[in-house]
Structures are given as structure tokens and as C-alpha cells.
Number of protein chains: 2
Amino acid sequence: MATTERTVTDALEAAKAASIELGRASTEVKNATLGRLAVLLRERSGDVLEANAADLADDRAQGLTQALIDRLTLTPEGVEAMAEGVEVVASLDDPVGDELERGVLSSGIEMRKVCVPLGVVAVIYEARPNVTIDCAALCLKSGNAIVLRGSSYAERSNGALAALVREALTDSGLPEGCVELLSGDREELAALATADGLVDLVIPRGGGGLKAALKEVATVPVMYAAAGVCHVYVHGDADLGMAARIAINAKVQRPGVCNAAETLLVDAAVADEFLPQVSRELAGASVDLVGDERARAAAGGVEMDEATNVDWDTEYHDLKLSVAVVDGVDEAIEHINAHGTGHSDAIVTASDEAADAFTTGVDSACVYVNASTRFTDGFEFGMGAEIGNSTQKLHARGPIGMRELTTYKYVMRGNGQIRG
Amino acid sequence: MATTERTVTDALEAAKAASIELGRASTEVKNATLGRLAVLLRERSGDVLEANAADLADDRAQGLTQALIDRLTLTPEGVEAMAEGVEVVASLDDPVGDELERGVLSSGIEMRKVCVPLGVVAVIYEARPNVTIDCAALCLKSGNAIVLRGSSYAERSNGALAALVREALTDSGLPEGCVELLSGDREELAALATADGLVDLVIPRGGGGLKAALKEVATVPVMYAAAGVCHVYVHGDADLGMAARIAINAKVQRPGVCNAAETLLVDAAVADEFLPQVSRELAGASVDLVGDERARAAAGGVEMDEATNVDWDTEYHDLKLSVAVVDGVDEAIEHINAHGTGHSDAIVTASDEAADAFTTGVDSACVYVNASTRFTDGFEFGMGAEIGNSTQKLHARGPIGMRELTTYKYVMRGNGQIRG
């Protein structure tokens, strides 16, 4: 299990070999593996919690912030939630083998474009041990071997969880190499990121430091998720009560996640009516407000410091919100395309015309009309879970679920055709 | 048109701005632009041929090989073929706006996953001037602004062709910036490859030198096409007459292209029967043969040098073929996955079981049963033309047509939903 006596290359070669077998496994076998994993998670919940307690008691964990300790800590309910998540993934459609297109070439060759697994998917993540199970379930069901590189703080927890996945694989007759766990050290990260031909995709879940380190060395394909600088735009025709509820929810409900709003844009026509009340409510929810000149003037005396140029491009990940007044939907779109990260942006409006202009003009993965940006999430989107969230345009955009972990091949059947 | 007085950034900013307008253009307007372009190509064929003659008469062209001069040379028939190609693209379905998925989240938010253009696509290519028109047509129809960086040898030809595209755009009320032509110098290439936020995709069409240069500097997304080390595998149950026709076609019909075969694999069971005749025919077609020990022994006296380890991994791009004898379909699959580049590989067999094992096991973009590898081509696949061919697994695999030049966004409509 541990890579103490194996090199990263050993682990990756095992994963590659296993991926070929897993890629051919039937939906029934994959679902049986997931069903068994859910059973094991419940039966061995005690082992997992014991490993987690050892991680928390480790000297290394003593320097962690309370937020990180919260993320690292597993509870019986958390393990049960993992088991339920695995069952949800088992219940979803298997994308592998789906026929995406079919046709007959002019030469008479029959063409089928068929969905196939990527092969070996590596996930690099931080403290949360549940990621081990969520990502393993999505990869296994979509026919991909997974290489997990978690935080060293969660080493024992991740090891206990990965051991259950491997036991479930063995019980179903699938190779253990379908799940490989690497240690948290930097050399292993570099070896992983340069394993051309062995790793088909790396998904980094983590902060800017990890992404920068990867960009420096990676030669294998990486799907990067940019930070989420998300916007709520209150159009002149908005229901202002709805606008306030959405703005507050998008900022306050969980400020540390990537789909939380960082900027509120308000049409000049409604700024004087809208901003005083919503600013009071935001300030009452401990949100630190910064604004442009017009927003500050319209805030009705609520404290709002001057926003700097940096503010419009900043993902606060915190109870802080920048506010600007704009002259209509076109200016809002321009602001969002200039300062956003292409993650999730919302308009609140009763005007279909403004909604259409916004959803067409804003170049983001997810564009919302009259709803909070907080819904961008694989679970909410019906993908069971998500292995990450992409703000790039190639391959996958938005939540990365099973479908996004596949590619396709063209299967061509002829009867002797040659090209003239 | 020329970038002599404009910087690359000026050109890219113009393309980005134009891409927003083009992305919203209706299918009718895009088709009218393409129809007008076809008319202009026919009306101004003389101007294009004159510019091409000037490129050919230029001092720079004097050092070119005959093969490159052939690629650079335009004829009246060649210009007519470009016009017809543009009309074919106009006749194809517009992918933009296609609804890829639709659903309702548990929160009641309506979700639509909609096909949208990538934005700005840059194509870097070598001598062939027809690429200017082929790629411009595919990009315009799929709603993408295109930035063209051709060879300096074809500067006047490409300029004349791009001028026609810009005239067609203006005549349809679309911005000229939908097509930008850069000069061939290295600084412009580096500026293009690092224009984050302005360029959504770079497609290099060209040799290893160009790709290596790009890998060194590129920070924008690049879709690389690896070389095509393609295989024809003759299974023990093959119709050997068909196998010989396919092997010869795949190698000889046009050896300088990426979908030509470089390696012939033959089952041991039929090697003695198959190899003497096909080797004679290949040698008769001036193909230089190299083989492993068993292939040389079975070649019936036809000259076949010993293949080195390098041969199995080499794209000859020439009348040269490596030949190996294998023990069945599993060994063939293993050889192809170890030495191929994931481009196009064929099995010749009468056995459905062997065909299924091969198409499932070979990890390539296009897997053929009883047909030549030479059919991997956007035009043959019904895509009108192709802007390149991808051997990577992410985003697009195989021929890159209009669909592959798009991404998607999630358009979410609610009535005030917030997350609890």
C-alpha cells in the first residue's frame, strides 16, 4: 500500500497495467466493486476513525489551523456519507462504451465514435480524507485507474480508506493497482507530473502554491482550476428582495469555496434603492465591504472602504465583498469578462432580454439567471460528486464528473477499403 | 492586414474583440460570409495566383526543395478547390448553440449545457496556402476568430487569401478582426504563445521543430499532434489478399502523411504464406523494408535489413516500412501500445473476436478493422475539412473539425434559488 519500498514509477506502472483491465470491466463488475466498498466503509468505519485519530494526534498536526483540523477530522457520520456517496456513483449511468456518433463514410467504412476511459487519472489534494473515496469512486466507475496523492497530514486516514478500496477491488476480481496512493513528498509530485505515457491526466485540487509548482514541472496533461472570482449582478429590472437574498447567499453561506461571490455589481438605476439595505445586511453578517466611488456614495452610510484595482481580481475566500455600480448589462458583462475567472456568475433580473445578453456575453463555465452562484457543484449538477472544477475551456468546463474523465476513440469497420 | 505597423498584441486584441461579435452571429450570417468568400475566391483567383507567383519568384523561395515548392504552388484548380471547400463548410451543421444536455436540478434550477465557440484559435502552419482558407472557414463557421501564422515563404499568397476573407466578413457586417494574419518571425510566435487571456487555443501544424519551440514557451493552451507511427496488423484469420492491398495502400499511396503506416505486424501463423508475396510487391513499389528476425526469415528472400530498436518508434514519412512477426492479437496490441503514437492502427481479420480485442485494446484515436489507416482525415470523416489531427486524449482526439473547436457553458435559470 505505502510507497516506502516502491518507487513512484512502480506505482504508476501498476496503475497503467490495471487501467487496461479496468477499462474493459463491465458496468456490473464496477458497480459490484462500489457496492462492496460501501459495505466495507460501514463495517470498518472504526478502523478508518482510528487511523484518523492517529493523524490528528500526530506531532505534525499540532501546527495546523483550526480550519485545517476541521477538514482533516472524520466522524462516523462523515464515513457514512462517504458510503452513501459511493452508492450514488454506482447508481449513475456508466459513460464507458456510449456511442457518441455513428455514420458511414463515403468509402463505405462504418464509423463509430465511442466513449472510452482516459486511462490513469492522478488527483493531488489536501487535507480532506473524503476526497480519497469520492475521487476513487468516480474514477473506478468511469473505468480509470486513480493515483492519489494526498496531504501527509492525512497519511493514515487516506491509507485506511485506500486499503478499503483495494479490498473491494480484489473482492470483485479487479487489480489492486486500480488505486495507488503516493506519499506527500515533493519528489514524488515531480515524478508524477513528468510520467509521460503513464499518467493521462493530473487534477490538482488545492491552492495556488500547488498549481504553480505543477506548472513549473508538469509535462503530462493537467486540468487546472483557476480561482473563483464570481459575480452577482443586480440588473435594473431585478426583484430587489430576490437580489439581496441571492447576493447574501452567494457571499455568506460558505465564503471559503470557489463558487462563492467576490463581487457585487449593481445597476446605477437601482443602486440608491438597493445598496443601503443589502449593505446593512451584509455588514450585519460580518462581511467587510469595499466599493467603487458610486457604490460608496449609494451605500447609505454603511461603512465601505475604497476598492483598489487589485480588489476586482481577488478571490477573498473570506467574508469580504467588493461592490461596483455599473451602467447596464453591457458594462456588467465587460467587467465580469475582464476581472472574472470564468467560474460562475449570476444576473438577477426580470428581463428576458437582459438575461439572454448576460448568459451569451459572459464567458464563464456557469452563468446563472436568478439563482446563487453557489450551485456550481458536481453533486448539485447530478454528477454524484465532482473530482474538481475546471475553469479552462478545453476538454471540460465546470464540474468534472465521470463524463469528463473519459475521451473517445473512432472504431472503423470496413471490408477491405483502401484510399484512392 | 500586415502586422508591420501593428504589434502582435494589437492583432490578438482585435481578434478577441471580434470573436465576441462572431460568437453571437447567426448561422445565416456566417453562411452568407462563407458564400461570399467562395464568390470572391473565384472572382479574384487571378489576384491570388499573382501573389503566389510573386512568392515563388522571391529570392527566399530559391532554396526550397521541390516538395516544398509543390506545396507552395497554387493553380486555378487549387483555388477552385478552396472555393468548393468553403461551400462544403457552409453546408455543414453549425455546432454553436447546440444543446448538449438539459435537466432540472433538485433545487428547481433549469440547467442547459450549450455548445459555444472557444473564442480565438491560432493556427501555425507551413507552406501550403490553402490552409489559410480551410482553417478560416472552419473557424468562422464555428464562431471562432482565427489568427493565422503561416510561413514567410507564402507571405503574399496568404495575404491575398486573408484579404478575401476580410472582404467577405466586411460584406456581411462582421468585424475584419475575425481573421488576423501574423508574419512568420520567431518573436511573433513567442508573443502568440504567451498571450494568456487573448488566445484560447493554438494548433501547430508542422514538424517537430515547431512543436518543440512551442513547448518551450507556450503558456496558452496548445493542441499538439504527435507524429503518426501507424500500424497494419495481419491477423491469422485475415483474407491475405485484402491484407496485402491494405498494407500496400497504407504505406505507399502517400507515404509523407501522418496516417500512412510505418509498421507491418504479421501473425506467425501466416507469416510464411503472407510475407514473401507482400514483401515483393512492397519492394517493387520502392519500399525499403526492415524487419525483426522472424520477419526476415519469412520474407522469401526479399531484401530486408535488420530493424533496430529505433525503427519501431520512427515515423519514416517515406517509402520505408518496418516488419515484425507476432504471436497473436495480444502481442500485436502490446506492440502498438508500446511503440505507436495513438494515431491510427488497423487489423485485417475475418474474426469478430480478434477485431473486438484489437479495437478495445489498442489505445489510439482511430482503430480500423479491414480498412487502410489512410482514411483518418477530417474530409473523409464528413467534417468538411480538418484544422489538424490530435493524438492527445484531452478535448479532441483524431481529426479536429468544427465540433472540436467549441467548448460549452452551463446556462442556469432559476427563480430566486439560494443554497441552504
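Modeller: The contact draws 50 residues from chain B and 50 residues from chain A, where two residues are in contact if their C-beta atoms, placed from the backbone, lie within 7 Å. This is a predicted model, in which local features need pLDDT of at least 70 and side-chain atom pairs count only at pLDDT 80 or more, while totals for chains, interfaces and linings use all residues. Residues are numbered from 1 along each chain as its sequence is written, and chains are lettered from A and ligands numbered from 1 in the order in which they are written.

On the side of chain B that touches chain A, the elements giving two or more residues are α10 (240-252), α14 (352-361), β13 (366-371) and β16 (406-417) of chain B; helices (H or I, at least four residues) and strands (E, at least two) are DSSP runs, numbered from the N terminus. The largest share of that side, 11 residues, is supplied by β16(B).

Strand pairing also links the chains: β16 of chain A (residues 406-417) runs parallel to β13(B), joined by five bridges, given that two strands pair if DSSP finds at least two bridges between them. Within β13(B), B:A371 is the bridge partner of A:Q417.

As for the whole of chain A, it contains 14 helices and 16 strands. Its C-alpha atoms fill a box of roughly 70 × 70 × 40 Å, taken along the principal axes. Among its contacts between residues at least 6 apart in sequence, 73% join residues at least 24 apart.
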